[in-house]
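Thanks for coming. Please have a look at it first.

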Amino acid sequence: MYYRGQEKEIGQLNLKTALLFSLPGLLYFVNNNIPFYCLMYLDPPSYQVLQQLKIGTTAVAFRLLMGRKLTSQKWVALGLLLLGCALSQLKWGNIGELFASSSLGYTLVTMQCSISATAAVISEKLLKETKQSIHLQNLQMYLYGVLFSCMNMYAEGVAVQHWARGYNFWAVMSVLCLSLTGLATSAVMKYADNLIKVFALAGSMIFTTVASALLFGTVITLLFMLGTLVACLSCYLYFAEDSRMFDVLDNCGGVCNMAMAGDAPVVTYSGPKDARVMSDSLKEPLNMKRDKEEP
């Protein structure tokens, strides 16, 4: 299969790639069913606030699975985004309930956030590394979701003729909107990354609240405005050029690596280029100090 007028392959279905997409398909299936169990042990407002942990787990999974290093400024920005999103969903009257929920509820939410982040990062890796059209990639991954869901309903004894019970116009429209959201999310992961996605989701959450206030008279609280301000600050920090204000944190990592290298002729460093100059300048005085201490 080729693009029209171009000699660029857009998709070759093979067994290995198809099997690889089963992993994120399975993880998404589990992730989509865990919320029902979470809500058995958590009230909806607490669950909505704790869901923001997904920002942190996505950043950690992105670092571990994709191998992409983030500067201290970007880590601070992601931390502020988590805080801002949590504040925007928090209500003064629910703060006590948030810390009085079941420990099993906290465990389930943490598990869901971890599974969701892992599935998203694995999906991004497959979307970027398999040489196929994004539509073919989506087709393979979503077919697994349908397969696992059908297996689950069959295992629970739901008769096939009842699988579509309760569907009406609004249910079909909801499925259509969620399907389009899934396609848009796949495009963001393929052509950008999951960290851009969490900022987009945070922006959509704020936009939804503002639209709800305009259309349905939802009251915008002081915590929501504070959370929105913090989220905007995090967005600025993440996409702005690296500031020297965060060089101290990055330099610490470089100096620690240099000290651990000992007498090694090459100083390993994983921080920014400016801090590398600092670590190289420190190398000579440290060597002179060791030579002076030797008998």
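A disulfide here is a pair of cysteine sulfur atoms within 2.5 Å. By that cut-off, this predicted model holds zero disulfides. Take Cys-232: the nearest cysteine sulfur belongs to Cys-235 and is 7.1 Å away, so with a cut-off of 2.5 Å Cys-232 is in no disulfide. Cys-235 is likewise in no disulfide, its nearest cysteine sulfur being that of Cys-232. As for accessibility, Cys-232 is partly exposed at 49%, and Cys-235 is partly exposed at 32%.

Next, salt bridges. How many does the structure hold? Three. One of them joins Asp-193 to Arg-68, with the closest N and O atoms 3.7 Å apart. Asp-193 sits in the loop between α9 and α10, and Arg-68 in the loop between α4 and α5, so this pair ties together parts that are 125 residues apart in sequence. Asp-193 is buried, at 9% relative accessible area, whereas Arg-68 is partly exposed, at 40%.

Helix α7 holds Lys-128 and Glu-124, four residues apart, about one turn of the helix. They form a salt bridge with the closest N and O atoms 2.8 Å apart. Is Glu-124 buried or exposed? Buried, with a relative accessible area of 0%; Lys-128 is partly exposed, at 33%. Glu-129 and Lys-125 also lie in α7, four residues apart, and their side chains meet in a salt bridge at 3.1 Å, N to O. Here Glu-129 is exposed, at 51%, and Lys-125 partly exposed, at 32%.

Now the nonpolar side chains. In soluble globular proteins, these tend to be buried together. The largest nonpolar core in this model has 22 residues, and those touching the most other members are Leu-78, Leu-81, Cys-85, Leu-195, Phe-199 and Tyr-238. Two or more residues come from each of α4, α5, α7, α10 and α11. The largest share, six residues, is from α10. Beyond its neighbours within four places in sequence, Leu-78 is in contact with residues including Ile-55, Leu-195, Phe-199 and Tyr-238. There is also a second, separate core of 19 residues, with Ala-18, Leu-27, Ile-34 and Phe-148 among them.

Finally, the surface. A nonpolar patch there has about 960 Å² of accessible area together, and its residues include Trp-92, Leu-214, Phe-216, Ile-220 and Met-225. Both α10 and α11 give two or more residues to the patch, and α10 gives the most, with four. Ile-220 is in the loop between α10 and α11, and counts as partly exposed at 35% relative accessibility.

Key. Residues numbered from 1 in each chain as written. Predicted model: local features only at pLDDT ≥ 70, side-chain atom pairs only at ≥ 80, totals over all residues. Heavy atoms only, no water. Core = buried A, V, L, I, M, F, W, Y, C linked by side-chain atoms within 4.5 Å. Buried < 20%, exposed > 50% of the residue type's maximum accessible area, 1.4 Å probe, protein only. Contact = heavy atoms within 4.5 Å. Patch = residues over 30% accessible without salt bridge, like charges linked within 9 Å, V, L, I, M, F, W, Y side chains within 5 Å. Areas by Shrake-Rupley, 256 points an atom, 1.4 Å probe, with all protein chains shown as cover. Salt bridge = Lys/Arg side-chain N within 4 Å of Asp/Glu carboxyl O.
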